[in-house]
Every structure is written in structure tokens, then in C-alpha cells.
Amino acid sequence: MPKNKTHSGAKKRFRVTGSGKLMRERAGKRHLLEVKSSRRKRRLSKDQVVAPADTRQVKRLLGR
């Protein structure tokens, strides 16, 4: 049997921590940053844990 391939888009967007949690970046930090407050930009910088409803799908895409 051939090996399963990791989804290329998913591996760029998600990462797995040492404890096995799935992390993602927050949306909204790419452009139009001049109008956003420093506080908002700082909050958007932090990684977020993937929602429980999405973890099964993301794990499948990452081949875990």
C-alpha cells in the first residue's frame, strides 16, 4: 500500500504541541493593520487552540 500524504494546506496552517494539542493562527493580522488598535493586533498574534468540533478533521488532514 502507498503511504498517505499530509494535506499541504493543513500543514502550513496547524501545528501540534508536545502535549498533542492542535494550534492555529488567528485571522485578521495580514493587512489593514493601521486601523487596528495595538491591543487588538497583540491579541491576534497569539496562537489559538483549534475548536473541539474541528479537531477530528484537522487531525485527519495532518495524518494523525
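**Entry 1: ground rules.** I am working from a predicted model, where local features need pLDDT of at least 70, side-chain atom pairs count only at pLDDT 80 or more, and totals for chains, interfaces and linings use all residues. Residues are numbered from 1 along each chain as its sequence is written, and side-chain values use heavy atoms, with hydrogens and water left out.

**Entry 2: overall form.** I found three helices and three strands in the protein; these are DSSP runs numbered from the N terminus, helices being H or I of at least four residues and strands E of at least two. The radius of gyration is 15 Å, well over the 11 Å that the globule rule gives for 64 residues, so the protein is more spread out than a compact globule. That radius is taken over C-alpha atoms, and the rule is 2.2 Å times the number of residues to the power 0.38. I noted a box of roughly 55 × 25 × 20 Å for the C-alpha atoms, along the principal axes.

**Entry 3: burial.** I looked up how much of the protein is buried: 14% of the 64 residues. Buried means under 20% relative accessible area, exposed over 50%, and partly exposed in between (1.4 Å probe, protein chains only).

**Entry 4: the salt bridge.** I found one salt bridge in the structure, which requires a side-chain nitrogen of Lys or Arg within 4 Å of a carboxyl oxygen of Asp or Glu. Arg15 pairs with Asp47, with 2.9 Å between the closest N and O atoms. Arg15 lies in strand β1 (residues 14-16) and Asp47 in the loop between α2 (38-45) and β3 (48-49), so the pair ties together parts 32 residues apart in sequence. I checked accessibility for both partners: Arg15 is partly exposed at 43%, and Asp47 is partly exposed at 27%.

**Entry 5: Lys36.** Where does Lys36 lie? I placed Lys36 in the loop between β2 (22-24) and α2. Lys36 is buried yet has no salt bridge, and the nearest side chain of opposite charge, Glu34, is 12 Å away. For charge, Lys and Arg count as positive and Asp and Glu as negative, while His and the chain ends are not counted. I then looked for what the Lys36 side chain does reach, and found the backbone oxygen of Gly28 at 2.7 Å. Leaving out residues up to four places away in sequence, Lys36 touches Gly28, His31 and Lys41, where contact means heavy atoms within 4.5 Å.

How values were computed
Polar contact = N/O pair within 3.5 Å; in protein donor to acceptor, adjacent residues only side chain to side chain.
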